[in-house]
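Visitor: Could you take me through one part of this model in close detail? I would like the cut-offs spelled out as we go.

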Amino acid sequence: MNDFAVPCLVIGARGMLGHDLCLALKDAGAKIVEMDIPEIDICNLSSVRAIFQKVRPRSVINVAAFTDVDGCETQTEAAFSVNAIGPENLAIVARGSGSYLVHISTDYVFDGSKKEPYKEDDPANPLGIYGKSKWEGEVRLRKTLLDNYCIIRTQWLYGANGKNFVDTIIRAAKRNKILKIVNDQLGSPTYTVDLAMAIVRLCQMQATGVFHVTNKGTTTWSDFAAKILEFVGLTNVKIENITTNQLGRAAPRPLYSVLDNTKFENLTSMKMPLWENAVEKYLSGRTV
Ligand SMILES: NC(=O)c1ccc[n+]([C@@H]2O[C@H](COP(=O)([O-])OP(=O)(O)OC[C@H]3O[C@@H](n4cnc5c(N)ncnc54)[C@H](OP(=O)(O)O)[C@@H]3O)[C@@H](O)[C@H]2O)c1
């Protein structure tokens, strides 16, 4: 296994994944520099160049993004600026400095029409602006760098440092006896702590190419919510299943976006924990 290429610049360090990623990198002994907006604005090439000149990173992990999926539908320009131009700017500067670039992407690059887990080279066909902007970011990054990059696609994230489904369900269950939850989308809830460890491993190996990384197992939002309520002992709250259409969110979502982790597992010999075990770990010790 290779050593970390240090210093390692983490961009988006104060976000949900960024927070747990920085902890995991430090635990693994990496020398890191943590940045977020406003210290660096990935939409602005001069800002990126200035930070690279100052930090001289040998590796860069970009977890910064415009992640408000429904907000992207009305803020198209901002979404493409952060999610497409941002990674391209990083790729341009990383190419000049020879830095290894790791970038996080999403299951929303797929349309959900497949009936079995998506592999890394399955054709993308994003449905909404968020997915389109993230896909454009992947394309621009690859075109600029050709190699010496690692794109990690993941999905349904939750973690202690961000707004997430688990906390939302617990809050809602304290106020309501019935929760209406979508049951026609299939995916793999993924704990940012587990994903962070996987990213660390890929960085240590300086893996290149595209990888799918999620917690193991597949569920619906509705069954995920039931499991959360079970773990926190709020079993008197009923879940009523609804469809994605009934929920009526601004952005379309893929109905099936399970990601096949085989390529990641074969390269790293790591097995991601089951999603049920991961959410239990996240909630352990939590009293409601
Ligand atoms: N959350 C999910 O379920 C999910 C699923 C699949 C993939 N992903 C991907 O995983 C990654 C991490 O997601 P997350 O949920 O941890 O995101 P997050 O909590 O929204 O964190 C993103 C961070 O990036 C910062 N940022 C925004 N615009 C920036 C800019 N122009 N320059 C520098 N930093 C900027 C944000 O700052 P502000 O908060 O101040 O805007 C925030 O601190 C993203 O690439 C996302 O697309 C997420």
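Visitor: At what angle do helix α8 and helix α11 pack, and how far apart are their axes?

Guide: Happy to. This is a predicted model, in which local features need pLDDT of at least 70 and side-chain atom pairs count only at pLDDT 80 or more, while totals for chains, interfaces and linings use all residues. Residues are numbered from 1 along each chain as its sequence is written.

Helix α8 covers residues 221-232 and helix α11 covers residues 275-283; helices here are DSSP runs (H or I, at least four residues; strands are E, at least two), numbered from the N terminus. The two pack at about 40 degrees, with their axes 10 Å apart. Axes are lines fitted to C-alpha atoms, for helices over the stretch in contact, and angles run from 0 to 180 degrees between N-to-C directions. α8 and α11 are therefore oblique to each other, the class left once angles under 35 degrees (roughly parallel), over 145 (roughly antiparallel) and 65 to 115 (roughly perpendicular) are set aside.

On the α8 side, Lys227, Ile228, Phe231 and Val232 take part, and they meet Glu276, Val279, Glu280 and Leu283 of α11. Contact here requires C-beta atoms, placed from the backbone, within 7 Å. By class, the residues of this contact are 5 nonpolar, no polar and 3 charged. Nonpolar covers Ala, Val, Leu, Ile, Met, Phe, Trp, Tyr, Cys and Pro; charged covers Asp, Glu, Lys and Arg; the others, Gly among them, are polar.

As for the setting, the chain has 11 helices and 12 strands, and its C-alpha trace spans about 55 × 40 × 35 Å along the principal axes.

Key:
Contact = placed C-beta atoms within 7 Å.
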